[in-house]
Amino acid sequence: MGRFSRLSVLGVSLALILIAPLATRAAQADLFEAESFTLDNGLEVVVLPKHLAPVVYQMVVYKVGAADGEPGKNGVAHFLEHLMFKATDKLASGAFSQIVDRLGGTDNAYTSQDVTAYHQEVAKEHLATIMAMEADRMVNLRLTDEVVLPERDVILNERGQSVEADPSGRLGEAVNAAIYRNHPYGRPIIGWRHEMETYSTQDAQDFYRRWYAPNNAILIVAGDVTAEEVRKLAETNFGPIPAREIPKRARLMEPPAVAERRLSLSSPEARYPSFSRSYLAPSYRSAGTPKDGATNPAYALSVLAEIMDGGTVGRLHRKLVVEQGIAISAGAGYSGDARDYGRFMVYAAPRDADKLEAVEKALDAEIERLLKDGVTADEVAAAKDRLQIDSVKARDSLAGPARLVATALGSDGTLAELQAWPERIAAVTANDVIEAARAVLARENGVTATLMPAGDAP
Amino acid sequence: MRSRLITLAAALVLMALAPAAPAAEVQRVTSPGGIEAWLIADDAVPIMSVAFAFRGGNSLDPVGKEGLAQLASGMLDEGAGDLDSAAFQQRLAQRGIDFGFDANNDDFSGHLRVLTEYRDEAADLLSLALTQPRFDPEPLERMRRQFLISIQGENRSPDTVANRVLERHLLGDDPYARPTYGTEASMSGLTADDLRGFVRERFTRDRFLVAVTGDIGAENLGLWLDRAFGKLGKSGPADNLEEATVNPAGALLVVERDIPQAAVFFAQEGIKRDDPDFFAAYLMNYTLGGGGFSARLMSELREKRGLTYGVSTDLVTLDRVGLIAGHFETPNDKVAETLEILRAEWQRMATEGPTEAELAAAKDYLLGYYPRNLTSTSRAADTLLGIQKSNLGIDYMDKRQQEIAAVTLDDVKRVAKRLLDAKALTIVVAGKPTGLQGAEPAPAQ
């Protein structure tokens, strides 16, 4: 699904290309043929049948993420994710993944600002086993210093590898901190190193007891199954687990932006110079249902990203890379999946390392042109068509639709809203797009970041 | 296994004996024009994926023209026939046709994914790309520029430099050890004529493989194959590369870089895909480092000691050489300790091989994971193409069960002894490792 436009490489000046008139594709009603129900203890269950291969993909998604952590301990959600693979009452430490391996499966987990998700992919005949194991670790985790403290070293290593050793990782972390001055999305999911060094077994235990319960979780099963099969297994495995009182998620919100923020990082490990600007935007969920039947701007921003980026035919690539020849790549994207805020981004890499300023000027000029002259009906129709085709392609995957459901429901959205995405995209007008652009693409709303290689190549 | 696991383990043994669901039906389709494809038909989603390859990859780039295959792979969707770059890209984008090419050491491959309603248009565009690519000056210079920037970026990357050092030490002057995109000099010198020659000589039916999965039946696929590939030339020059020889002398080399964490790459000679002991070697590697959290190295380095976020080993099976290779990252002051454990585990596997329990676990995985290769039309098409490339036969997905089950513990122990030798390991460390015994600075690249 084109919820976050892919990186662009090429583009074309659309005004010059005559394309056959496009009938906007009919929106599909039941995108994933999903069936959903809720157990008595509050566990939400979603089934996504897919019979191409005799395989199932299971997810257990907890509606808690890094942004729900205590101040000074926001990385504990991710730490707990690691610790969930340690001992339970029934399993030895590390046994979870070993058993999945025995079954020929794959398993992993991820933590975002809003959710912690655990997932496995196995041959269909093993669904009962992996569901039993998820139900077990939902409530029976046994945390001791013996297993917790070495894992703290592992997450410090992970931070070293994925952030500190990677200049774009470091810069991305700085951008987040700048774009969110008050909201917890500004803190890194993995945590700040000096805080991670102090995480304790008690911290993990407290977080686990506070947030992990069936009424704060979603079970998603995609693959060669029926809803009836899943219901029976869910009742058997999760049914006996009692609901618990779960805190409300309350986060500090952002005040209005007043000043453009600019960051730069020079590093010998940076491969080539690049530039990006991130604008704070509403997300699908946070934009909600606007008054007077107007379109939720998140959908308009998706269409805008497709017009500016478009994979191979967006404005930015066409202008900066092909026509002006000053950039080696240029594009845009909109990410609207988070619970509280979304982000609209533009980016470019210069053709010549010392021409970064010229590239920024050219990007600014394109944004001004957009805000002044708007978008054409043809551009909007073509962008919407491409997004609809993307949503068909998204069905050709086992994990993909499950992940979309996980993100939507985990961030307190609904399945109905997710299913309605194609219709809502189809309803976006040129006017919606330009209004959304004008609301979001203001200078003071943006964090501009440049990454430069430092010194000569070693 | 610890006592807590027994009940679950017993259940698992029973499950492992239960036959896996049958693999999808693979049909051999021959087009009216004589092009053969393998097909898995499935109409759940109105989409078709095509994976195809021409044997012969980067290794065939002439000396002085390294990067030719890579440049070609980037240029094929930049204009063909009467459609210039912009027009061609517009056609692809507007129909949502996913279209891409890639060159690796041994072959030049392409993939296509398209909605059913646009598949004929996709066939026409593919045919043009493969037989009449334009290589116009503007897109060529733009693409060349992108590759030059990649080359410069790779020259800066400690990981890439370390890997190059590793490959050179192991394989010397063999084309496998050349930088993927060539050098700045070779990439700068490539011309449109070079590219046209490449397409003419290498995109021929005598080295062509194709696999399809999705919403199409055998008869329509036959017509589609001729529409997409019917204009390819019949044959091209033969490939004359010899087997590569692997340096048996181990080494410990340091690429000094001021980075907070050291990146370590290691390898020695391994085994090729057509070796009768391939599955024994695969099972051995799974136990040593290929099996994720089930592997010995992960257990020793991450689980027990927190020395790294991840460590893995792989069998690298190329047409002309086989290697066993691995990598991990660790803080600079932990490199020495980690390498000592790595070498000890390497040697322990060589002398003792895996245990019965470890072999059973590895076999269960190998038998159980395969259906996961078929969960999307593109994965399934790629899987079929992989089977074709390795000449494993159209019934491979059924045969492999028996082959794997037939491997004994003695087989794996024998193969471990035959292949693994900690003294033959070439280890390259990028970073500023402290306290390393016997390390030498890597030769300049």
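The model is a predicted one.

On the side of chain A, 78 residues are in contact with chain B, and 74 residues of chain B take part in return. The size of an interface is often given as the accessible area lost when the parts come together. For chain A and chain B the buried area is about 6500 Å², and carbon and sulfur atoms give 57% of that area. Polar interactions can be listed beside this area. Between chain A and chain B, 19 residue pairs are in polar contact, with both residues at pLDDT 80 or more. Several elements of chain A each supply at least two residues to the side that touches chain B: helix H2 (95-102), strand E5 (116-123), helix H3 (127-139), helix H4 (145-164), helix H11 (315-323) and helix H13 (377-393). H4(A) gives the most to this side of chain A, with nine residues. By residue class, the side of chain A that touches chain B divides into 38 nonpolar, 16 polar and 24 charged residues. Eight salt bridges are counted between chain A and chain B. In one of them, Glu121(A) is joined to Arg372(B), and the closest N and O atoms of that pair are 3.4 Å apart.

Salt bridges over the whole model come next. The count over all chains comes to 73 salt bridges. In chain A, nine residues are linked in a network of salt bridges, namely Glu44(A), Lys63(A), Asp68(A), Asp114(A), Arg249(A), Arg251(A), Arg339(A), Asp340(A) and Asp412(A). Another salt bridge of chain A joins Asp354(A) to Lys355(A), with 3.8 Å between the closest N and O atoms. Asp354(A) counts as exposed because its relative accessibility is 63%, over the 50% cut-off. Lys355(A), with a relative accessible area of 39%, is partly exposed.

Glu154(B) and Arg164(B) form a salt bridge whose closest N and O atoms are 3.3 Å apart. This pair links distant parts of the chain: Glu154(B) sits in helix H5 (residues 137-156) of chain B and Arg164(B) in helix H6 (residues 158-171) of chain B, ten residues apart. Glu154(B) has a relative accessibility of 15% and therefore counts as buried, the cut-off being 20%. Arg164(B) is likewise counted as buried, at 12% relative accessibility. In the second pair, Lys423(B) forms a salt bridge with Asp421(B), and the closest N and O atoms lie 3.7 Å apart. Lys423(B) is exposed, with a relative accessible area of 67%, whereas Asp421(B) counts as partly exposed at 27% relative accessibility.

Strand E8 (residues 261-269) of chain B deserves a look of its own. Eight of the nine residues of this strand are buried, so E8(B) is largely enclosed by the rest of the structure. E8(B) is joined by nine bridges to strand E10 (residues 322-331) of chain B, and the two strands run antiparallel. Within this pairing, Phe266(B) has Gly326(B) of E10(B) as its bridge partner. E8(B) also pairs with strand E11 (residues 426-431) of chain B, through five bridges and again in an antiparallel arrangement. Here Thr426(B) of E11(B) is the bridge partner of Ala267(B).

Two loop residues of chain B complete the account. Asp277(B) lies in the loop between E8 and helix H10 (278-290) of chain B. With a relative accessible area of 13%, Asp277(B) is buried, because this value is under 20%. Leaving aside neighbours within four places in sequence, Asp277(B) is in contact with Ile271(B), Arg414(B), Val415(B) and Arg418(B). The C-alpha atom of Asp277(B) is separated by 37 Å from that of Gly222(B), 55 residues apart along the chain. Ala238(B), in turn, lies in the loop between helix H9 (218-229) and strand E7 (251-256) of chain B. Ala238(B) is exposed, its relative accessible area being 65%. A separation of 9.5 Å is found between the C-alpha atoms of Ala238(B) and Glu201(B), which are 37 residues apart along the chain.

Terms used. Residues are numbered from 1 along each chain as its sequence is written. Chains are lettered from A and ligands numbered from 1 in the order in which they are written. This is a predicted model: local features need pLDDT of at least 70, side-chain atom pairs count only at pLDDT 80 or more; totals for chains, interfaces and linings use all residues. Side-chain values use heavy atoms; hydrogens and water are left out. Contact means heavy atoms within 4.5 Å. Buried area is the accessible area (1.4 Å probe) that two parts lose on being put together, summed over both. A salt bridge is a side-chain nitrogen of Lys or Arg within 4 Å of a carboxyl oxygen of Asp or Glu. A polar contact is a pair of N or O atoms within 3.5 Å; within protein, one must be able to donate a hydrogen and the other to accept it, and residues adjacent in sequence count only if both atoms are side-chain atoms. Helices (H or I, at least four residues) and strands (E, at least two) are DSSP runs, numbered from the N terminus. Ala, Val, Leu, Ile, Met, Phe, Trp, Tyr, Cys and Pro count as nonpolar, Asp, Glu, Lys and Arg as charged, and the others, Gly among them, as polar. Buried means under 20% relative accessible area, exposed over 50%, partly exposed in between (1.4 Å probe, protein chains only). Two strands pair if DSSP finds at least two bridges between them.
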